[in-house]
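Work through the exercises below with the sequence and the 3D structure in view. Each task is followed by a solution that goes step by step.

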Amino acid sequence: MTMDFKLDDADALGFDPARLDTIPDFFESYRAREKLSGYSILIARDGKIAHQSQRGHSAFEGGHALSKDTIFRIYSMTKPITSVAIMMLVERGRIMLQDPITKYLPQFANVRVFEKGTPREYTTREPDRMITVHDLMTHQSGLTYDFMLSHPVDALYRNKRINGARSEKFTLEEFIDELVQMPLQFTPGSQWNYSVATDVLGRIVEVVSGQTLDVFLSENIFIPLGMNDTSFTIDDDKRGRLAHNYARDPVTGVTSLADAPETTIYKPGRKFLSGGGGLLSTIGDYLKFCEMMRRDGVLNGARILGRKTVAYMTSNHLPNNETLMDRATGSFSEVSYGGTGFGLGFSVVVDPQYAPTITSRGVYSWGGLASTFFWVDPQEEMVVILMTQLMPSGTYPLRPQLQQLVYSALQ
């Protein structure tokens with residue numbers, strides 16, 4: 001079954017067309033109040049597009065009218081793609097999920113756990129065990145992010161400019177060399193904390209495959225799926241299609257330009273290939289990735305993963321079927337914790353009745369720093385994607401609002 005981008009009959013796909021039409025109108029209030037410069041929404045069911053709308057422009061001033069070819073910074077929506085790359089190597093027998101990561105990255109051999117103290121003066125202890133590949137895949141490694149502001153180790157990352165996807169001064173290899181000097185927040189496997197773990201996975205892909213991360217993803221995922229606009233950098237001939245990226249200051253409430261196409265850090269020759277947050281993509285390209293997952297690992301005749309691998313990745317991997325509510329530390333995640341577990345690179349809804357908004361059991365999803373979001377609902381055979389460019393992602397309740405509107409449109 002090929003994936004084309006014509007709009008199908010929403011009614012035949014089981015939606016109330018009038019209710020679907022209200023979705024972009026609802027988000028128009030954000031644009032009217034200059035909270036967002038524009039947004040793009042795509043809703044597909046059974047591989048057919050029931051709704052696609054673009055409103056507004058790629059910038060508050062100037063820019064281009066958003067189209068389905070607009071290129072967005074997807075930040076942490078890179079993580080599911082890197083996780084798929086790891087599982088392709090697992091399927092080939094090159095990686096075992098329970099392997100200690102020192103098998104691939106011996107630099108981690110002397111890693112220690114923060115015990116007590118301040119960022120200036122602290123004591124550490126040995127971890128109870130080494131980080132495994134599975135710990136990295138499920139954010140149970142003890143690693144963290146610089147922007148968490150909830151633990152002394154976060155401050156150590158900031159001091160060393162270990163800034164996740166924004167670590168522009170490093171190559172992936174240099175990034176690992178800096179990271180191994182930082183203590184872990186907790187012993188691996190004992191808690192859940194959103195972190196640079198997927199950047200470490202990106203480096204493992206390089207070590208095991210012998211290819212740089214961009215080349216591996218391109219040859220094994222992007223080219224087979226026809227994701228022609230997904231990459232770590234943007235060529236000059238595509239730069240006119242890149243959206244502007246904005247950031248809202250949580251203290252002052254002022255929204256300002258963070259990255260523009262003319263001066264973007266995504267120029268060719270960029271050093272840092274962030275497996276956790278470095279990719280650019282379009283709404284159509286990301287639909288191909290989601291559809292491949294929804295169709296058990298295959299799209300347009302390209303088999304990316306085995307059926308059982310997809311089922312395994314999108315099951316809850318937290319111990320005793322716990323949710324993030326039970327297990328998460330830190331101050332940030334791309335999803336609400338209620339009723340939600342975590343698989344291999346995706347959040348997974350395990351108890352819909354405890355989720356903060358209407359959803360289905362088994363929905364898997366993730367989002368990105370600039371308010372992009374996707375979810376796949378296998379039960380409803382549905383994929384929904386939101387693209388916009390405003391950091392941080394929790395600034396406005398775009399995601400739960402979109403979920404409420406989409407699910408209420410199902411007949």
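**Exercise 1. How many cavities of 30 Å³ or more does a search of the whole structure find, and which residues lie nearest the centre of the largest cavity?**

The search finds three cavities of 30 Å³ or more, where a cavity is a set of points, on a 1 Å grid over the protein atoms alone, at which a 1.4 Å probe fits but cannot get out. This is a predicted model, in which local features need pLDDT of at least 70 and side-chain atom pairs count only at pLDDT 80 or more, while totals for chains, interfaces and linings use all residues. Residues are numbered from 1 along each chain as its sequence is written, and side-chain values use heavy atoms, with hydrogens and water left out.

The largest cavity holds about 100 Å³ of space, a volume being the space filled by probe spheres set on the grid points, which are joined across faces, edges and corners. Its lining, made of residues with an atom within 4 Å of a point, comprises 14 residues, of which Ser 76, Tyr 145, Phe 147, Ala 165 and Leu 369 lie nearest the centre. By class, seven of the lining residues are nonpolar, five polar and two charged; Ala, Val, Leu, Ile, Met, Phe, Trp, Tyr, Cys and Pro count as nonpolar, Asp, Glu, Lys and Arg as charged, and the others, Gly among them, as polar.

The second largest cavity has about 90 Å³ of space and is lined by 15 residues, with Ser 37, Gly 38, Tyr 246, Thr 388 and Gln 389 nearest its centre.

**Exercise 2. Describe the two largest pockets and their linings.**

A pocket is an open set of points with protein on both sides within 12 Å along at least five of seven lines. About 360 Å³ of space lies in the largest pocket, and among its 24 lining residues Glu 334, Val 335, Ser 336, Arg 399 and Gln 403 lie nearest the centre. The elements that give two or more residues to this lining are β12 (347–349) and α11 (398–408), and α11 supplies the largest share, four residues. Here helices (H or I, at least four residues) and strands (E, at least two) are DSSP runs, numbered from the N terminus.

The second largest pocket has a volume of about 270 Å³, and its lining includes Phe 147, Leu 369, Met 391 and Pro 392. Seven residues of that lining are nonpolar, one is polar and one is charged.

**Exercise 3. Is the peptide bond from Met 391 to Pro 392 cis or trans?**

The bond is cis, with omega near -10°.

**Exercise 4. At what angle do the axes of α5 and α6 cross?**

Start with the axes, which are lines fitted to C-alpha atoms over the stretch in contact, with angles running from 0 to 180 degrees between N-to-C directions. The axes of α5 (residues 172–179) and α6 (residues 197–209) come within 10 Å and cross at roughly 125°. That angle makes α5 oblique to α6, because angles under 35 degrees count as roughly parallel, over 145 as roughly antiparallel, 65 to 115 as roughly perpendicular and the rest as oblique.

Next, look at the contact, meaning heavy atoms within 4.5 Å: Leu 172, Glu 173, Phe 175, Ile 176 and Leu 179 in α5 meet Asp 199, Val 200, Gly 202, Arg 203 and Glu 206 in α6. These residues divide into five nonpolar, one polar and four charged.
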